[in-house]
Amino acid sequence: MNLYLFESPLSVILAISLLLLSALIGISQSPKKVISGKKGKGIASTSLFLSAIIVAIEGTFNFSSEIHRSVPFIIIVAALLVFLGSSIFENITSRKFSLKLFTHTGLFLMIAGGFFGAPDHSDSQIAVTREVAENTSYTTKGEIVPLPFKIRLKEFQIEYYEDGKSPKQYRSTLEIDGKEFTTQVNSPCRYHGYLLLQADYDHIEGKYSVLRVVKDPWLPVVFIGMTLMAIGALLMMKKVWNNTAILIIALVLAVVFGIVSVARISFGTLMPALRSLWFIPHLIIYMLAYSMMAISLISGLFFPSLYDLSRKIFASSSHLLLLGMLCGAVWAQYAWGSWWEWDPKECWAAATWLLSLSAMHIPGKKKKKRLYLLLVILSFLAIQITWYGVNWLPSAQFSMHTYN
């Protein structure tokens, strides 16, 4: 589907219409029993599971087929937004201000910002030189994107590590409409709503610098959503970690995997893209989440008496998966200009989190212990694919996260 048919102002009108529909359903009396009862939880669990499957398929095969642009996927996302939005309005009107309201509202805003913002999102590249100021960029498909300003390269620098060979930072000093700006990896500059990122350069003579030019007017909505989700996840973890056993497990694992993760990093030759404040938190949080999910799986399968403790550890793991993903999304936004690229590793990370949410939303959990454990197993298997299995997927050749 050609998303640009729905660009602003139509995208804004559609977003407002969906919000009003969600409010109407959430405030109405008849749907409340469905939204807040066991049926609502069942619908949520099933929707999350199906979303995980679709995202996993997108991440497994050649994502240039763009399942996420297909009509069925768009319908599913729209339905998920309506259900999520109506649940939020139902909670507000019923004055049920639980901690889940943070994550539900944040997820609604993040998905809505990405969903309705896609038609208004602009992503192109421009090669700038010292000789001539340019104002024309190009998409990966060769489409021309005129810019409302002119850019000229004043100076390009490569900063090396002590070995004199490994690049530490790439930096371009630019002149934009007569004003001087600097952009470097992980630290882009902004001008008139555009994000200018250091993308590439002339590797032979250094005569030009390649900039990625991104415009995303819906990004504030996405970031507000991310912030609310992070707050909700932290508050819910704080509530779970009132249990001394879980707190001890979390602290021990955090220390162990923090040391192991940092020790394996070669800071002396770390590539520029990895020199981000978000890199270490992103890595440690994910390692902690993976470890806690493994403990939850083992205790739930082989020690029935520890089932309740297993569930709490699993919940903590799910919250940590979310925080790890959010750290990665913010990092990606400032490093590459896009918080989500439908990359295979990103898709499988999202699928893992969605599967964990599906398990946590199962209604009548005591009566459906086997289904819950099955979803825990699927979540743990999804982690294995996320961590190292993506290297062998059909889509691996297109991944930015494939490591050898």
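Biologist: Where is Leu-211 found, and in which strand?

Modeller: Leu-211 sits in strand 8, residues 208-215; strands here are DSSP runs of E with at least two residues, numbered from the N terminus. This is a predicted model, where local features need pLDDT of at least 70 and side-chain atom pairs count only at pLDDT 80 or more, while totals for chains, interfaces and linings use all residues. Residues are numbered from 1 along each chain as its sequence is written, and side-chain values use heavy atoms, leaving out hydrogens and water.

Biologist: Why is Leu-211 called buried?

Modeller: Buried means under 20% relative accessible area, exposed means over 50%, and partly exposed is in between (1.4 Å probe, protein chains only). Leu-211 has 0%, so it counts as buried.

Biologist: What makes Arg-152 and Glu-175 a salt bridge?

Modeller: The term needs a side-chain nitrogen of Lys or Arg within 4 Å of a carboxyl oxygen of Asp or Glu. For Arg-152 and Glu-175 the closest N and O atoms are 3.4 Å apart, and the pair forms a salt bridge. Arg-152 lies in strand 3 (residues 144-160) and Glu-175 in strand 4 (residues 167-176), so the pair ties together parts 23 residues apart in sequence.

Biologist: Why is Arg-152 called partly exposed?

Modeller: Its relative accessible area is 22%, so Arg-152 is partly exposed. Glu-175, with 26%, is partly exposed too.

Biologist: And what about Glu-205: buried or exposed?

Modeller: Glu-205 has 52%, so it is exposed. Glu-205 also forms a salt bridge with Lys-207, with the closest N and O atoms 2.9 Å apart.

Conventions:
Helices (H or I, at least four residues) and strands (E, at least two) are DSSP runs, numbered from the N terminus.
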